[in-house]
Amino acid sequence: MTTATLAGTTVELDAEGFFAEPETWTEAMAVELAHAEGIDELTDQHWTVIHFMRSEYFAKGTGPTVRALGKSSGVSVKELYQLFPKGPAKMAARIAGIPKPKGCI
Amino acid sequence: MGDRIEKVSIIISKGSLDGIYPGLIMANGARAEGMEANLFFTFFGLDAIHAKRHEHIKLATVGNPGLHLATWAGGIPGVSSVMTHYMESKMAKMDFPSIPEFIEMISDTGAGMYACLASVELFGLTKDDFVPQVDDIITVGDFYEMAGGGQIIFT
C-alpha cells in the first residue's frame, strides 16, 4: 500500500497504483490520474467509460473486462483502445479509482 | 515489474476448439494488458480464420484423454458435435465469445493477424478464403522479423 496526493487529498493506492478505497475518488482526481497515464484531456467518451467502470464496480464488486466494456458501455472495443491505448480495462480502472478488474476475457 | 513483457507473438497451429481458444485468449489478454500482440495461424490453425470454417470448429473427442471419454465412444458419429455443443453452451454462459466474434474483437484491439504462407499454399487457399481481419499472408522469415524483441508462444 502506498499513498498519493491527488487534487489536494491523500488517497491509498495498492502496489500497482489502483485505488484501495474507491469511495475516496473524485472527478478532479481522474483528471490528474489521466495526465499521469498520458491522456491530456478526458473527452465525453472517456467519462462515459469512467462512470460505467465505477457503476459496474459498485454493483458487482469488480470492474468490467474489455469485452464487457465493449458490449455494455456504449463504446466499441476499437474506440476503447483508442481512448485508453495501454489496455482499456486496466487504464480506465486506474483513472476511475477502482481496483484492477478481474477476468480473463 | 522490471521484466514486464511488452510484446507477444502467438502461433496457433491446431484446428480444434481446444487448440484455438487458448491462443485467442492469450492474445486478447496481452492487448488488455497493454502489450503488443500478433497472431500467426499455421497448419490446421488456419481454420480459425477461414471464413467458411471458423463457425464450425469442433472439440477433439478422439485422442483427448482430458475429456475422460473412451476413445471408441469419442469416434461414434455425432459425438464430437454433441460435445462441441455442450462445451460451447458452457462457454457462452461464462460469456466467452464465439470464435468468429473473438477473431473480430481481437482484431479491433489492434492485434495483428497473419496466415502462414507455406500452410496456405499446402492447403491450396488464397486470401479470399479468410476473414477480412487477416492482415497478410507471410513467410516464417517475416514472422521472426515481426516477432523480434518479444516473446513467442506456440500453441
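1. Contact between α1(B) and α4(B). In this predicted model, helix α1 of chain B meets helix α4 of chain B through I20(B), L24(B), A27(B) and N28(B) on the α1(B) side. The residues facing them from α4(B) are I99(B), F102(B), M105(B) and I106(B). Sorted by class, this contact holds seven nonpolar residues and one polar residue, with no charged residues.

2. Geometry of the pair. Helix α1(B) covers residues 17–32 and helix α4(B) covers residues 99–108. Their axes come within 10 Å of each other and cross at roughly 25 degrees. Angles under 35 degrees count as roughly parallel, and α1(B) and α4(B) are therefore described as roughly parallel to each other. The crossing of α1(B) past α4(B) is left-handed.

3. Helix α3(B) and the residue after it. Helix α3 of chain B comprises 15 residues, 79–93. Just after α3(B), D95(B) adopts a positive phi of about 65 degrees.

4. Contact between the chains. Chain A contributes 13 residues to the contact, and chain B likewise contributes 13 residues. On the side of chain A that touches chain B, at least two residues come from each of α3 (66–72), α4 (77–83) and α5 (88–96) of chain A. By class, that side of chain A consists of six nonpolar, three polar and four charged residues.

Technical notes:
Residues are numbered from 1 along each chain as its sequence is written. Chains are lettered from A and ligands numbered from 1 in the order in which they are written. This is a predicted model: local features need pLDDT of at least 70, side-chain atom pairs count only at pLDDT 80 or more; totals for chains, interfaces and linings use all residues. Helices (H or I, at least four residues) and strands (E, at least two) are DSSP runs, numbered from the N terminus. The expected span of a helix is 1.5 Å times one less than its number of residues. Two residues are in contact if their C-beta atoms, placed from the backbone, lie within 7 Å. Ala, Val, Leu, Ile, Met, Phe, Trp, Tyr, Cys and Pro count as nonpolar, Asp, Glu, Lys and Arg as charged, and the others, Gly among them, as polar. Axes are lines fitted to C-alpha atoms, for helices over the stretch in contact, and angles run from 0 to 180 degrees between N-to-C directions. Angles under 35 degrees count as roughly parallel, over 145 as roughly antiparallel, 65 to 115 as roughly perpendicular and the rest as oblique. A crossing is left-handed if the near helix is turned anticlockwise from the far one by less than a right angle, and right-handed if clockwise.
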